[in-house]
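Colleague: I would like to learn how to read features of a model such as this one, taking them one after another. Could you take me through a few?

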Amino acid sequence: MQLARLVERITRNFGENRLTGAVFLDVAKAFDTVCNVGLLYNLTLLNFPSYIVQTVSCYLRGRTFEASFQTATSSRRVMRAGVAQGGLISPVLFILYVNDLPSSSYHVELALYADETAIIATSRKPTLLVSYLESYLNDLQWWLSEWRFDINVSKATAIMFARAVRRFIQPQPVTLFGEPIEWVDTTRYLWVTLDKGLTWSHHIDEVRKKTAQRMGMLGSLLNWKRDHSVRNRVLLYKQLIRPMMDYACPAWRSAARSHVRRLQVLQSKCLRLATGAPWYVNNRQIHEDLGVPLFADHIRALTASFDSKLADMANPLLRQLGRYLR
């Protein structure tokens, strides 16, 4: 949802001939730095019922750790900070912990998901956009120091989204703790590659590369010469390969048809490998016989499902996302 919000903001600004600047921050050891007392304090300030505060307190209390190396094991110690890595509620607890981040303004908004933070600013002029980002980062520095968060500034990136026809002089880098955050042409947010023109070309390239690697790993299982049935081989593709290709497709639905066709090529290769179909059998026929939709139809169905769920959302800001993402 946060990725959809970011893409919606960029897309809307494209239509209004505005620039969108975003700074993406990497919180070092984010879940490990959550102060248990501070988290419970925030839950109380947010007026959570006492039974929920007590439940979270019990969840955090009494956890221990020990370290092992070869045959040696340390004594067991009590954990006074951090939420469990991989815990189902850990991302939610982290967001509640950072709930009192400096408030956004008319020109600046935040997109938070677990430890992935995007600071988004909008303006028609690059210089004003930079000043909005700098102003917020200055407020953020104090908050990070107060709550003892460590930011990997060297891993942070900044990108300015603009239509391809828009020309402007690249402004000076924004800074955090005196270190510059360089402007880049592409960056990753929530495992999706964003480019400054939002063409999705780089994202499709990354997806194709990772999908090809997965196909190489699973090639022997997908091969039609194996003993298991065609149905099971197609199921392997649907469960282990296609999710890599269609991940976050409601956000990148605006990708050019030529980019989507590049993913269709990979799907066709997988299905041919699974069926052992000869060269003269049409790809469309293979899809129809197996009951597998063409990749463009597949992502169209996923985005339609996503949009229908947005329509039922109580939050009006979420309901309007689908309109701008189309």
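**Reading salt bridges and helix packing**

Modeller: Let us begin with one side chain in this predicted model: Arg5 has a relative accessible area of 22%, so Arg5 counts as partly exposed, since buried would mean under 20%.

Colleague: Which residue does the side chain of Arg5 meet in a salt bridge?

Modeller: The partner is Glu109, with 3.0 Å from N to O. Because Glu109 lies in strand β6 (residues 108-113) and Arg5 in helix α1 (residues 2-15), the pair ties together parts that are 104 residues apart in sequence. In the whole structure a search finds 10 salt bridges, among them one between Arg76 and Glu66, at 3.7 Å from N to O. Arg76 is exposed, with a relative accessible area of 60%, whereas Glu66, at 43%, is partly exposed.

Colleague: How is the packing of two helices described?

Modeller: Two packed helices are described by the angle between their axes and by the distance between those axes. Here the axes of helix α2 (residues 36-45) and helix α3 (residues 50-60) come within 10 Å and cross at roughly 170°, which means that α2 is roughly antiparallel to α3.

Colleague: Which residues of α2 and α3 meet?

Modeller: From α2 there are Asn36, Leu39, Leu40, Leu43 and Thr44, and these meet Val53, Val56, Ser57 and Leu60 of α3.

Colleague: And is Ser268 buried or exposed?

Modeller: Ser268, in helix α8 (residues 257-275), counts as buried because its relative accessibility is 8%. Leaving aside residues up to four places away in sequence, Ser268 touches Asn283 and His287.

Conventions
Residues numbered from 1 in each chain as written. Predicted model: local features only at pLDDT ≥ 70, side-chain atom pairs only at ≥ 80, totals over all residues. Heavy atoms only, no water. Helix = DSSP H or I, 4+ residues; strand = E, 2+ residues; numbered from the N terminus. Buried < 20%, exposed > 50% of the residue type's maximum accessible area, 1.4 Å probe, protein only. Contact = heavy atoms within 4.5 Å. Axes fitted to C-alpha atoms, helices over the stretch in contact; angles between N-to-C directions. Parallel < 35°, antiparallel > 145°, perpendicular 65-115°, else oblique. Salt bridge = Lys/Arg side-chain N within 4 Å of Asp/Glu carboxyl O.
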